[in-house]
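Here are my notes on the model you sent.

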Amino acid sequence: MKTKLSIFFMAFGLSLLMAAGLIIGHNIWESRAAQEAAADTVNQLEASGPDEWLQELKGNENFIPYYFLNPNMEMPVVVLDGQEYVGTLEIPVLELELPVLSKWSYPGLKISPCRYTGSAYLNNMTIAAHNYDSHFGRIKNLLAGDEVLFTDSDGNQFTYLV
């Protein structure tokens, strides 16, 4: 009887170890898939870039960005593969550049960071992301004074310091 109970607990323990290994493997796979998707999306966003007429306007020394005149405006979006993106987030010290989805959702977090609430124009935007190494998993390594850059889909860049 004691031997059967020992065998049962050993088998149960091994099955728990196997389940843990499968979960770890799935998380690694999911993180890599998110990293590849984010890199591809950033490339597409950079290729689409702001319209030429907007670039010409920005070249004018008297140009005032529209969001200065109307900070309550909705942030413009770029639609790629059925998803709306408000821009890109870059953390140079971590060599991290990620697209930012317009609206937060659990499925969206598997693709890229998402705007949880607010607007860059009102200086109250909150961005949420998974703790994948390819997303926000390394932000714990940031130090005071490190730069964080957000570029909206019109090419306006906002600089923040940790």
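1. A salt bridge here is a side-chain nitrogen of Lys or Arg within 4 Å of a carboxyl oxygen of Asp or Glu. E84 and K103 form one, with their closest N and O atoms 3.8 Å apart. The two residues sit in distant parts of the chain, 19 residues apart. E84 belongs to strand β2 (residues 83-91), and K103 to the loop between β3 (96-101) and α4. E84 is partly exposed at 34% relative accessibility. K103 is exposed, at 59%. Keep in mind that the model is predicted.

2. How many salt bridges does the rule give? The count is 2. K110 and E30 also form a salt bridge, and here the closest N and O atoms are 3.1 Å apart. K110 lies in the loop between α4 (106-109) and β4 (114-117), while E30 lies in helix α1 (residues 2-48), so this pair ties together parts that are 80 residues apart in sequence. K110 is partly exposed, with a relative accessible area of 44%. E30 counts as buried, at 13% relative accessibility. Side chains of opposite charge can pair when their charged atoms come close.

3. Which side chain of opposite charge is nearest to D146, and how far away is it? It is R138, at 11 Å. A salt bridge needs the atoms within 4 Å. D146 is buried and has no salt bridge.

4. What does the side chain of D146 reach instead? It reaches the backbone nitrogen of L143, at 2.7 Å. Setting aside neighbours within four places in sequence, D146 is in contact with V93, Y160, L161 and V162.

5. L161 is in strand β7 (residues 157-161). Leaving out residues up to four places away in sequence, L161 touches G145, D146 and E147. L161 and A144 are 17 residues apart in sequence, and their C-alpha atoms are 7.3 Å apart in space.

6. Next, the surface of helix α1. L5 lies in this helix. L5, F8, F9, F12 and L16 form a nonpolar surface patch. Together they have about 530 Å² of accessible area. L5 itself is partly exposed, at 48% relative accessible area.

7. Now the overall layout. The secondary structure comes to 4 helices and 7 strands. From the N terminus, the order is α-α-α-β-β-β-α-β-β-β-β. Take the contacts between residues at least 6 apart in sequence: 50% of them join residues at least 24 apart.

8. Last, burial and surface totals. What share of the 162 residues is buried? The share is 33%. The protein exposes about 10,700 Å². Carbon and sulfur atoms supply 58% of that area.

Terms used. Residues numbered from 1 in each chain as written. Predicted model: local features only at pLDDT ≥ 70, side-chain atom pairs only at ≥ 80, totals over all residues. Heavy atoms only, no water. Buried < 20%, exposed > 50% of the residue type's maximum accessible area, 1.4 Å probe, protein only. Lys, Arg positive; Asp, Glu negative; His and termini not counted. Polar contact = N/O pair within 3.5 Å; in protein donor to acceptor, adjacent residues only side chain to side chain. Contact = heavy atoms within 4.5 Å. Areas by Shrake-Rupley, 256 points an atom, 1.4 Å probe, with all protein chains shown as cover. Patch = residues over 30% accessible without salt bridge, like charges linked within 9 Å, V, L, I, M, F, W, Y side chains within 5 Å.
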